[in-house]
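Here is a quick tour for anyone opening this structure for the first time. Keep the 3D view open and follow along.

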Amino acid sequence: MVIPFIESVGSTKGIDSCKFNDLIHELSTLKSAEENLVFRLEEGCGMNTQIKIRHLSVSENWKGDRCEFENIVNPSSIRSLTVFGKWRPFLISERMRMLRVLDLEGTTGLNDHHLEHIVKLVHLKYLSLRYCHLICHLPHSFGNLRQLETLDIKHTSIIKLPRAIIRLRKLQYLRAGGTGVFGGESYEELIQDLDLPKILKNRLCLLSLCSAIGCVFSCAPGLLETDGNPNRHDAVLQDIRRLIRLRKLGVAGVTQKNCQGLGLALSALSNLESLSVRSVKEPSSQDMKESDGSIESPLENLMSLSLPESLKRLKLYGCLCKLPQWMKNLGNLMKLSLRYSSISDHAAAMEVLGKLPKLSILRLRENSFTGEKLCFTSENSFPSLKRLMLVLISDLESVEFKEGATPKLELLQFCGFPNKTKKDFFSGLASLPRLKEFMLDDDTYEEGFLKDVQDQLARNSNGPILKRG
């Protein structure tokens, strides 16, 4: 009746999502309507007067007006409201005094002035404005939501939090950043102007996150760049060290000056599972060529420090030149992403990564490696690797898979420079026993390269497919 839909890779959950078959889905929908568990307000639904509804979902295809809405719904009974499609102000009523959950993710037409009505819902525990691109500011009255535990403003146009946010003493999860209308590529790029240093100064994060069982916290570049004030810088790092139950941390703006202090703070986070570290400078291949590989590494002070062995997901954005020694001790690491790391000693790096017993997802992105060749050579190396992503590695001219390497690889994603991607760019694809899919980013590669890849996949006994674009 319940079918696993997406298998989880690099997670202890086993699967990411499930689905019902069509019959069970229909029965579940009818049963929930009978018991008023969830009511879907959609085109063609009945006109029953003032239904007592606990959980209301407004579908994108519902085109009704205020009169129709008020004839169907009794606002005072609603505990959760989810809105799809276009926003209409009458969907929120002062009579919704018991509303706990308000999910407006992806709702179109929601503007800043609509939030003045939302902040009157003083019992809200969960509010999502994700993908509401027209939202630029949170009102000062936002501090009235004293019961709020989760605030999701990811992919909005908000670049600064109001000072009133410090009054949300029960806030446990603050999700911000993402691409949104800014066209950035990571959450750090959006939240670089968030007023997080002031939030830390007022101990909001310590009061809320330390009381949570599972915590998510992001530090912006401005958090570590403290205008030359060493006291403020040290205070921020001390605050991070106190988040002993923190599970997920993102830090940008790492420099030579603050890197060592940050490393010491990270070593105290014994429950940390996910870490993203981004330096200020992102060196190009030209930088590396001009400096003969001796370019200053903002992350070099992390090299001699140890990270918690609990770490499962790691993103390093910035020059390393070689992998840190502590990398080989991350026996629980499942996901790794490298970008602008400019690693020159390929053989040593691949040997270290290949011995990580649980590494399931490896993303090697722009300028992660320097040089022309990338080899997966050792037998039984990368024993758990299921997904490999290679994206715009500048000087790369060949990728080789030896017999026995990456024995569980299922998905290979590749985005290269078409003018550099020639025949024989990949070798050993036929020897990957579990490979299911080779994914290319577009169709602009030359015919010789495409034919060579297709021929290798055709010789693979597992029957992998080639997907393009």
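Two strands count as paired here if DSSP finds at least two bridges between them. With that in mind, take strand 14 (residues 335–339) and strand 15 (residues 361–364): they run parallel and are joined by 4 bridges. What you're looking at is a predicted model, and the points below go through it by topic.

**The big picture**

- The protein has 469 residues, and 49% of them count as buried.
- Its chain forms 12 helices and 22 strands.
- If you take the contacts with a separation of 6 or more, 61% of them come from residues 24 or more positions apart.

- How does the chain get from strand 14 to strand 15? It goes through helix 11 (residues 346–354), and this β-α-β crossover is right-handed.
- Strand 15 also pairs with strand 17 (residues 387–391), in the parallel sense and over 4 bridges.
- Which residues of helix 11 are buried? They are H346, A349, M350, L353 and G354.
- Looking down the axis of helix 11, you'd find those buried residues within an arc of 125°, so they line one face of the helix.
- As for what they pack against, the buried residues of helix 11 meet strand 14, strand 15 and strand 16.

- Three strands make up an open sheet in the order 16-18-20, with parallel pairing.
- Strand 16 (373–376) and strand 20 (426–427) are the edges: each has a single partner strand, so one side of each is left without a neighbour in the sheet.
- Strand 16 runs parallel to strand 18 (residues 398–401), and 4 bridges join the two.
- For a specific spot in this pairing, go to C375, whose bridge partner in strand 18 is E400.
- While you're looking at strands, remember that in a regular strand the side chains alternate between the two faces of the sheet.

**The nonpolar cores**

- The largest nonpolar core has 62 residues, and those with the most contacts inside it are L314, M327, L390, F401 and F426.
- Apart from that core lies another, of 44 residues, including L99, L104, I153 and I165.
- Now zoom in on L390: leaving out residues up to four places away in sequence, it touches L364, L374, V399, L412, Q413, F414, C415 and F426.

- Is S274 buried or exposed? S274 is buried: its relative accessible area is 11%, and the cut-off for buried is under 20%.
- You'll find S274 in strand 12 (residues 274–279).
- Not counting residues up to four places away in sequence, S274 touches R247, K248, L249, L311 and R313.
- E70 lies in helix 2 (residues 66–72) and is partly exposed, with a relative accessible area of 42%.
- From E70 to F90 is 20 residues in sequence, and 9.0 Å in space from C-alpha to C-alpha.

Note on methods. Residues are numbered from 1 along each chain as its sequence is written. This is a predicted model: local features need pLDDT of at least 70, side-chain atom pairs count only at pLDDT 80 or more; totals for chains, interfaces and linings use all residues. Side-chain values use heavy atoms; hydrogens and water are left out. Buried means under 20% relative accessible area, exposed over 50%, partly exposed in between (1.4 Å probe, protein chains only). Contact means heavy atoms within 4.5 Å. A nonpolar core is a set of buried Ala, Val, Leu, Ile, Met, Phe, Trp, Tyr and Cys residues joined through side-chain atoms within 4.5 Å. A crossover is right-handed if, with the strands pointing away from the viewer, the path from the first strand over the helix to the second runs clockwise. The arc is that of the directions from the helix axis to the C-beta atoms.
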